[in-house]
Every structure is written in C-alpha cells, then in structure tokens.
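Take a slow look at the sequence and the 3D structure below. Then follow this short tour through its parts.

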Amino acid sequence: MGRPTKTSPARRWIPARALFGALAGVSLVAGMAGGLWRLGVAVPDPHSFTWTGQVLLVHAALMVCGFLGTVIGIERAVAVKHRWAFVAPLASGAGALCLAFGPQAAGAWLCVAAAVFFLAVNALVVWRQRAAHTLLLAVGAAAWVVGNLLFAAGRDGSAVFPWWFAFLVMTIAAERLEMTRLMRRRPAASVTLHAVLALLLAGAACSGAAPRAGGLVYGAALALLAAWLAVFDVARRTVFTRGISRYMAVCLLGGYAWLGIAGVAWAATALGWPARDAALHALGLGFVISMVMGHAPVVLPAIARIKLRFGAFFYLPLAALHLSLVVRLALGSFSDPLRAAGASLNAAAIVFFAVTVAGAAVAWRIQHGAEGARKAR
Amino acid sequence: MNSPADTAPAAARFPYDGPEHLRAPLAAALSRVVDPEISMNIVDVGLVYGVMVDAAMAHVRITMTSAACPVIELIMDEAEAELDKVVPPELQIRVELVWEPPWSPERMSPGAKRFMGW
C-alpha cells in the first residue's frame, strides 16, 4: 500500500487560471492590433471593430499594464501564495478590458489599483526576505504606481512611458541581481546597479517637466544597465550549458544588446533625432519580450501548471523576434513600409512563440501521456 | 554538458538524521531536482538544509534563493516526486520551505562554485 496521495490544491484553480490566461491574452492581442493599426497595417481589419480608435490609443497601456503587468502580477502572486495577491493581476486585466472596450477612465484607475495591490504584494515579499533584490522589486512596483497615476491623470507618453519601462526594467534587473549572488561576489556589482537604477528613476522623474534632460539621463541609464548586465550577469556562464539553461541565456544576452540600443535611441530621441520607435520597441520588444520568451518555458509550468517539452525549436520564434526587430528598426528607418512590415513580423514572431509554447505543451503530453499530464496538475 | 560535478558526495552536503541505508538514495533523489535556469541541482546550490527520517515520516527542509520566485512550488513538487521514488511507501513525505537561515553563496558545492567562476 502506498502513502496517501496528496491532492494538489492547484487542480481547483483551473477556471481561475483560464480567466487570468484570457485576460493576459486579450490584452496582448488587442495591444498588438493597436500597435499594427498605428503603423497603418490593416491586419486585422480595423473596420471590423467598433473599438478600433480606442484600442489604437491605448496600445502601450495594453502591452505594459494589460499584458506584462498582469503576467508579472500572476507570477508574484504565485510566489507569495496568497489569494488576495491575485487581486493585482485581476485588476490590471480588467483595467485593460475597460481601456480597450469600455470606459477608459475606469480602466486607467483599475490599473492604478492593480499597481497599488502589486506594491503591497511586493512589500510582503520584502517582509519575508529583506534583500537588495526584493527591495528593488518593490521600487519597480512603485514606479508602476507612479506611471499609472500619470496615465490616469491624462499625461502623455513622454511622462508616462519612462515610469512604465522603469517598472519593467527594474523588475528584470532585480531578478538578475538575485542571480548574480551565485557568482563570485564582486562588491562593485550591487553598488553600481543601484547607482544606475537611481539614475533611471531620476531620468523618469525629469522626463515630464524637462523631456530633453530627462530623456538623456534615462537613455544613459538604460545603456549603463546593459553594460552592467553584460559584465555581471550569470547568463555569461549559463550560455555554456545546454538545453533550456543555454536557451534562457541566449534570450537574456540578446535582450541586453537591445537594451543598449534602446538606451542610445532614447537619448537620441531626447536630442531630437527620429529614434522614438527604436527607443520604445528595442526596449519593449527586444529587451522585455526577449526576457518573456526566455522565462516562459520555466515560469509557465509554475504559474499555469502546463508542462512543456523543451527543444531547440524554441530558438525559432526567438530568432524571428530579433530578426524582425532588425527589419523594423534598422531597415525601417529608411522607409515607412519597411517599418510597418517589420512591425507585422514582430507581431508574427510573438504569435509564432505562442504557437511554439502550445506545441511544446502538446509534445509533453504526447511524450508523457494523459496520465502524466494529470499528475502534473 | 558542463554541469558542475561535485567532489564531495551529495549526501555529505546537508545534515542527515535517519536510517543509514536511506542516506544515499535520498541524496541522489534530491540531486535530481534541477533549477532549470542555472542547470544546477538543489543539493549543489545548497538549498537543502536538512533531511530527517523517523518511523513515520521523511522530512526535508529546503530554502530558495528568492522569495519572489514563482518556481518555488514547482521545485518543491519535483522534490516530493523524486523523494516518492525512494522513500519507503509506509512513510509520509514532507517537504518544508524555510527562509531561516537565509541562503548564501557559501552554501554552494565546490563544483557549483567552480562552474560559476569562483
């Protein structure tokens, strides 16, 4: 006779997981559609939607708050294992729905509520583990609160985006700082990272009132962060492993290159160069989505309880993302149709990645059979 | 693969209190639980704080490097699944997550440190 089988509490959460998946998914699809329409790409057909104008306006909010904010909120809620922590991603997902298809003011304030809840969740993490990286995560959450407040107050992108990206960049940097503890402790690592991130926040704070100075400082901080990650990150070691660890390292290192480019482009935009698309999308797609692609095979099984079969095929959508960014940002700087084509390929790369993940989940089920899949839940 | 091969046996890397014949299989089971991001198992990273086996239960205390990590539960589930393969069926299995004392890099095995460039 075997020991009593533990019934996983996760099984009761299937409807909740489907709801959160739908919220993040709708935000992502609407966000991508809005982005494509902005560049004049008529796929999907903008005339077939009642809310086209509305979706188009809130492309950035849907991507940052609706998709990434919801995904990061779920990730953190799973880590702290408290039911109330899921209020944050629920609010950001609902907020995104309102932004795209409902009263936009309500959507913006729901996003504020989401960020405030998310900050509280991060305060709990700090209380559990008082460390440099948990404090940075909390500061990143605070940056999201500020960005969402400015957005709800009707401020434009030049004031809001630096705070939104500070939230994403600090969240990623904090997690990378945590990983550097595995490498030989170099006292300079933590101090320099804090200095760079302080610079980033200073740049964000100045961007509303003094866009030129703020943008220069912000861009410099992004470029310096890329240099910091290139020097100190553990990916430099793990890229010599194999399998999923190497894949994650490749995603990270590729992302750091785009982060450096984004920093230069951000500063150039502040000086009046036409590099805004490069600044926003080298950062949002090249850096952030590359991180998402890198972490998804590890984080998805944890938050969605879906097992994935990892294989070299994961490199294909990653390569598609990076190549499509080259088309958009390098070739696209010479012609608008090329930029639009690059953006369409960006969206296709993200869809390709989603299909890859779905395929990897099916492959795992085929490999392990339905019984294994049931146990995994 | 450049996986960090340890010089000391895995069983020597954490306090163990229980029947001697289970020491090596339990250590081997825990060594099969790998943190996917860094390609290192939880014993080499120094996440296993202790294993105690009595007449009723196998009790494993493990920590994590970050309280913000969503993979915590997955690693704990995997530890439980691996222990399930070697722990006699009449014993309960309890994998407990602890935060004290906080993990520090000194806990890593010499092989893991070498791999990370120490």
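This is a predicted model: local features need pLDDT of at least 70, side-chain atom pairs count only at pLDDT 80 or more; totals for chains, interfaces and linings use all residues.

Residues are numbered from 1 along each chain as its sequence is written, chains are lettered from A and ligands numbered from 1 in the order in which they are written, and side-chain values use heavy atoms, with hydrogens and water left out.

Start with charge. Side chains of opposite charge can pair when their charged atoms come close. Here a salt bridge is a side-chain nitrogen of Lys or Arg within 4 Å of a carboxyl oxygen of Asp or Glu. Over all chains, the count comes to 13 salt bridges.

Which chains does the pair of Asp77(B) and Arg305(A) join? Asp77(B) sits in helix H3 of chain B, and Arg305(A) sits in the loop between H12 and H13 of chain A, so the pair joins these two chains. Helices (H or I, at least four residues) and strands (E, at least two) are DSSP runs, numbered from the N terminus. In this salt bridge the closest N and O atoms are 2.7 Å apart.

How covered are the two partners? Buried means under 20% relative accessible area, exposed means over 50%, and partly exposed lies in between (1.4 Å probe, protein chains only). Arg305(A) has a relative accessible area of 9%, so it is buried. Asp77(B) has 25% relative accessibility, so it counts as partly exposed.

A second pair also crosses between chains. Lys81(A) forms a salt bridge with Glu73(B), with the closest N and O atoms 3.9 Å apart. Lys81(A) is in the loop between helix H3 (59-80) and helix H4 (87-101) of chain A, while Glu73(B) is in helix H3 (residues 72-86) of chain B. Lys81(A) counts as exposed because its relative accessibility is 54%. Now put the pairs together. Lys81(A), Arg305(A), Glu73(B) and Asp77(B) are linked in a network of salt bridges.

Next, stay inside chain A. Asp277(A) forms a salt bridge with Arg339(A), and their closest N and O atoms are 3.5 Å apart. Asp277(A) lies in helix H12 and Arg339(A) in helix H14 (residues 336-376), so the pair ties together parts that are 62 residues apart in sequence. Both residues, Asp277(A) and Arg339(A), are buried.

Helix H12 has another partner. H12(A) packs with helix H7 (residues 157-180) of chain A at an angle of about 35°, their axes being 12 Å apart. Axes are lines fitted to C-alpha atoms, for helices over the stretch in contact, and angles run from 0 to 180 degrees between N-to-C directions. Residues in this contact include Phe161(A), Phe165(A) and Leu168(A) of H7(A), along with Arg276(A), Leu280(A) and Phe287(A) of H12(A). Contact means heavy atoms within 4.5 Å.

Look at Arg276(A) in helix H12. With a relative accessible area of 46%, Arg276(A) is partly exposed. Not counting residues up to four places away in sequence, Arg276(A) touches Phe161(A) and Thr269(A). Trp266(A) is ten residues from Arg276(A) in sequence, and the C-alpha to C-alpha distance is 6.8 Å.

Now turn to Thr65(B). Where is Thr65(B)? Thr65(B) lies in the loop between strand E5 (57-62) and H3 of chain B. At 15% relative accessibility, Thr65(B) counts as buried. Leaving aside neighbours within four places in sequence, Thr65(B) contacts residues including Gln129(A), His133(A), Leu47(B) and Trp103(B).

The backbone holds details too. Phi of Arg305(A) is near 55°, a positive value in a residue other than glycine. Phi of Ser39(B) is near 60°, again positive in a residue other than glycine. Ser39(B) lies in the loop between strand E2 (34-35) and strand E3 (40-41) of chain B. With a relative accessible area of 10%, Ser39(B) is buried. Finally, find the cis peptide bond that joins Glu100(B) and Pro101(B), where omega is about -10°. Pro101(B) is in the loop between strand E6 (92-97) and helix H4 (110-115) of chain B.
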